[in-house]
Amino acid sequence: MLKTLLRAGLLLLAFGTAASAEPIKVTLLGTGVPTPRPTSFSASTLVEAGNEKLLFDLGRGSTVQLYKLKIPLGAITASFLTHLHSDHIVGLPDMWLTGWLATPWASRKAPMKLFGPKGTVAMTQNLTKAFADDIRIRIDDEHLDPKAVEFAAKDIEPGLVYDNNGVKVTAIEVNHGEKIKPSFGYVVEYDGHKVVLSGDTKYDERIAKAAEGADLLIHEVAVIEPELLVKNPVYKDIQAHHTSPEEAGRIFASAKPKLAVYSHIVFGTVKPGPDIPEQPLIDRTRTVYSGPLLVGRDMMSFRIGDTVEAFAPDGAKLAP
């Protein structure tokens, strides 16, 4: 028994819930797309501001990445969805159900707060029905708190959607195509600092306006080789829902953030490759934008205080 208690205590220490030491810390949990690449999970971003730990999108692998960061799943104070495409929400059942388990790396104590576009509440209701047997068994067998497996979900409209502990989250509607409405980007403000996440979008000047003077602007991008657009019509449809490097560069040049970062990077090459063609992406952006720019990678992080510092997945400091 003593060994069990000691082990539990060590795990609790390892998976701490202390506030971020910086005004804001941002970690790219997933920078990829639906492709199941082991090098890039699908879309998810963690924003730590004061006592708040906020998740934006819940793509594949978001729980795994939080475990690597030693952040308990139950420590996430709220989650936000940009839209309901599968690569942005496939991690939701994992976060919801695994975060409910009575372990130091989970242990959510209250209903899961979730904000998203119209359809979010209905999705949570259907998930609850789909996993009814698992929920029933765990309540009976593991004596888990039924309240902590509930959802506190809300279908949101553009505007202020979250205001807690000095952290404000504002939803901005963006253009991800005529059939994907609404689709949101988000602005996070805390202690005089601002982080903007574009969500999935075509070129949209509303993002530039929202990101004026931002410390950090995280923007999606699609870089698809012209030959592939000709050979495979599917890529034309994909490109039509996203922002080209030149268009993103125009957004960056208008907003003038302290740092611009690409994440949720859609790419297509005639010759399949294992990773993002980073240099062509940068070169095309540089035709219209000369400011600080980084191509995001899973587990890249940013510390926002008087300055914006960027760190590689291995913790090495980066120079934009």
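Predicted model: local features only at pLDDT ≥ 70, side-chain atom pairs only at ≥ 80, totals over all residues.
The structure contains eleven salt bridges. In one of them, R138 is paired with E142, with an N to O distance of 2.6 Å. Both residues belong to helix α5 (residues 132–142), where they are four residues apart and therefore separated by about one helical turn. R138 is partly exposed, at 24% relative accessibility, and E142 is also classed as partly exposed, at 36%.

A second pair consists of D204 and R206, whose closest N and O atoms lie 2.7 Å apart. The relative accessible area of D204 is 7%, so this residue counts as buried. R206, in contrast, has a relative accessible area of 42% and is partly exposed.

A salt bridge also links E246 to R284, with 2.8 Å between the closest N and O atoms. E246 is located in helix α9 (residues 245–255) and R284 in helix α10 (residues 278–285); the pair therefore ties together parts that are 38 residues apart in sequence. Relative accessibility is 26% for E246, which places this residue in the partly exposed class. For R284 the relative accessible area is 26%, and R284 is likewise partly exposed.

Some salt bridges share partners, and through them D134, R138 and E142 are joined into one network. The R138 and E142 pair described above, at 2.6 Å, is a salt bridge between two members of this group.

Conventions: Residues numbered from 1 in each chain as written. Heavy atoms only, no water. Salt bridge = Lys/Arg side-chain N within 4 Å of Asp/Glu carboxyl O. Helix = DSSP H or I, 4+ residues; strand = E, 2+ residues; numbered from the N terminus. Buried < 20%, exposed > 50% of the residue type's maximum accessible area, 1.4 Å probe, protein only.
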